[in-house]
Amino acid sequence: MILTDRKEITVRFSEVDSMKIVWHGNYLKYFEDGRESFGIRYSLGYLEVYRHNVMIPIVKITCEFKKPLVYGDDLIVETKYIPTEAAKIVFEYIVSRKKDGDVVATGSSTQVFLTPEGELLLTSPEFFTGWKKKWGIE
């Protein structure tokens, strides 16, 4: 099963730079918005993870810019969960302009599981294994 989520966002004035286009760093925030929306939809939100006494920091993130966004543009962040047997969470992102469907950016992120003390978990926590079974991911 492929799990995806779509989040709509309107570009705010504070997100554009002196060239009147979205500043590149804001795309990582759009990815974050996508992860949060995905987490709410599929019961894998940050608060849910924290309830299981686990942290999930990002250890890798990529972003490829295709076309610019400007103030007032409506965009869609499509967030797709990428299954892996390793003890990590991988997402891919497609950011598109709503009015014409043009892809403006793509990217991915990788998160790992840590104990509250910062120790890396080499196997997936029990709650995450259960989450994957719930959604038919194995």
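Which residues does V77 touch, not counting residues up to four places away in sequence? They are D5, R6, K7, I9, Y30, G34, Y93, I94 and V95, where contact means heavy atoms within 4.5 Å.

## Basis of the description

This is a predicted model, in which local features need pLDDT of at least 70 and side-chain atom pairs count only at pLDDT 80 or more, while totals for chains, interfaces and linings use all residues. Residues are numbered from 1 along each chain as its sequence is written, and side-chain values use heavy atoms, with hydrogens and water left out.

## The sheet

Five strands form an open sheet in the order β1-β3-β4-β5-β2, with antiparallel pairing; strands are DSSP runs of E with at least two residues, helices are runs of H or I with at least four residues, and both are numbered from the N terminus. Two strands pair if DSSP finds at least two bridges between them. Because β1 (4-10) and β2 (58-65) each have a single partner strand, they stand at the edges, and one side of each is left without a neighbour in the sheet. From one strand to the next, the twist averages 15 degrees, with axes taken as lines fitted to C-alpha atoms, for helices over the stretch in contact, and angles running from 0 to 180 degrees between N-to-C directions.

Strand β3 (residues 74-82) pairs with strand β4 (residues 88-97) in the antiparallel sense over eight bridges, and a hairpin of five residues joins the two. Along this pairing, the bridge partner of I76 is S96 in β4, and E78 stands opposite I94. On to β5, β4 is joined by nine bridges, again antiparallel, with Y93 opposite G107 in β5. The hairpin of β4 and β5 also has five residues between the strands, and there G101 takes a positive phi near 75 degrees.

## V77 and the covered strands

V77 lies in strand β3 and, at 0% relative accessibility, counts as buried; buried means under 20% relative accessible area, exposed over 50%, and partly exposed in between, with a 1.4 Å probe and protein chains only. From C-alpha to C-alpha, V77 and S96 are 6.7 Å apart in space, although 19 residues apart in sequence. Strand β4 is mostly covered, with seven of its ten residues buried.

Helix α1 (residues 26-41) lies across β1, β2, β3, β4 and β5 (103-112), and runs at about 130 degrees to β1. Its 16 residues should span 22 Å at 1.5 Å a residue, which agrees with end C-alpha atoms 23 Å apart; the expected span is 1.5 Å times one less than the number of residues. Among the buried residues of α1 are Y27, Y30, F31, G34 and F38. Just after α1, S43 takes a positive phi of about 55 degrees.

R35 is placed in helix α1 and counts as buried, at 6% relative accessibility. A polar contact of 3.1 Å joins the side chains of R35 and Y46, such a contact being a pair of N or O atoms within 3.5 Å, of which, within protein, one must be able to donate a hydrogen and the other to accept it, and residues adjacent in sequence count only if both atoms are side-chain atoms.

## The nonpolar core

The largest nonpolar core has 31 residues, and those with the most contacts inside it are Y30, L69, Y81 and W131. Such a core is a set of buried Ala, Val, Leu, Ile, Met, Phe, Trp, Tyr and Cys residues joined through side-chain atoms within 4.5 Å. Leaving aside neighbours within four places in sequence, W131 is in contact with L3, F38, Y42, S43, L44, Y81 and I137.
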